[in-house]
Amino acid sequence: MKCQRQPTFLKDKPTPICDLWEVQLTPKMWRFIQQLARKRRTTYSSISRFCLFRLAEPQTLRLFPLLRKIAAENKKTVSCSPQLHRHIICLYGEDVKLLKLAAMQLNLTVSAFIRLALWLYLPRLLSQPNSKYHIRTEVFLALSIKRWMSVQIGSLNILRNPVIRRFTFASFPPWFWW
């Protein structure tokens, strides 16, 4: 879904919202996001982006048995829930490509990937400052804003068949942040 207009607080910023993703969440998870947004004084979308980027960026991203079990439980919980909340996540630049690639690498749908990321990282955002899992404000801000301005695909082809494909990620410079 393409965003047709910018929010008023982002009107004069250099990078417009490129995509809006919608995911259905259980009321419990939605209340958790609301609680965190109030505690950290930020938007719901920032909370979600932090969790997504935190899960998507490790190079060794793989779906081990525990994650597979959690993804299956999330799917069952969402399908059994009588009422779901439609949560919209704003994405900038070409962050969508990173998230789609990460979801494909885990062999999950994008919605399942989002729910998995939220399930894994929301408790860490709520942890106390003296906990070893606590995420500092600086780390949260760095991972919850615009990540990738452009993603270039490079390939080595032999007889029109791709032999090697690589993605080059170019991040937003700091003066594009808000």
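Ser45 lies in helix H2, where helices (H or I, at least four residues) and strands (E, at least two) are DSSP runs numbered from the N terminus. The model is a predicted one, in which local features need pLDDT of at least 70 and side-chain atom pairs count only at pLDDT 80 or more, while totals for chains, interfaces and linings use all residues. Residues are numbered from 1 along each chain as its sequence is written, and side-chain values use heavy atoms, with hydrogens and water left out. With a relative accessible area of 8%, Ser45 is buried (buried means under 20% relative accessible area, exposed over 50%, and partly exposed in between, with a 1.4 Å probe and protein chains only). Apart from its neighbours within four places in sequence, Ser45 is in contact with His87, Ile88, Ile89 and Cys90; contact here means heavy atoms within 4.5 Å.

The chain contains six helices and four strands. Their order from the N terminus is β-α-α-α-β-α-α-α-β-β. Of its 178 residues, 40% count as buried. Among the contacts in the chain with a separation of 6 or more, 73% are between residues 24 or more positions apart.

Leu118 is in contact with Leu25, Met29, Ile33, Ser48, Cys51 and Pro123, when neighbours within four places in sequence are left aside.

Leu25 belongs to strand S1 and, at 0% relative accessibility, counts as buried. Not counting residues up to four places away in sequence, Leu25 touches Trp30, Ile33, Leu84, His85, His87, Arg115 and Leu118. Between Leu25 and Ser111, which are 86 residues apart in sequence, the C-alpha to C-alpha distance is 9.4 Å.

Two packed helices are described by the angle between their axes and the distance between the axes. The axes of H1 and H5 come within 11 Å and cross at roughly 40°; axes are lines fitted to C-alpha atoms, for helices over the stretch in contact, and angles run from 0 to 180 degrees between N-to-C directions. H1 and H5 are therefore oblique to each other, given that angles under 35 degrees count as roughly parallel, over 145 as roughly antiparallel, 65 to 115 as roughly perpendicular and the rest as oblique. Their crossing is left-handed, that is, the near helix is turned anticlockwise from the far one by less than a right angle (clockwise for right-handed). On the H1 side, Met29, Phe32, Ile33, Gln35, Leu36, Lys39 and Arg40 meet Arg115, Leu118, Trp119, Leu122, Pro123, Leu125 and Leu126 of H5.

Phe32, in helix H1, is partly exposed, with a relative accessible area of 24%. Leu122, Pro123 and Leu126 are touched by Phe32, residues up to four places away in sequence not being counted.

For H2 and H6, the axes come within 8 Å and cross at roughly 85°. These helices are therefore roughly perpendicular to each other. Ser46, Ile47, Arg49, Phe50, Phe53 and Arg54 in H2 meet Val139, Phe140, Leu143 and Ser144 in H6.

Most residues other than glycine have a negative phi, and most peptide bonds are trans. Arg41, not a glycine, has a positive phi of about 55°. Arg41 is situated in the loop between H1 and H2 and is exposed, with a relative accessible area of 78%. Asn107, also not a glycine, has a positive phi of about 60°. Asn107 is situated in the loop between H4 and H5 and is exposed at a relative accessible area of 70%.
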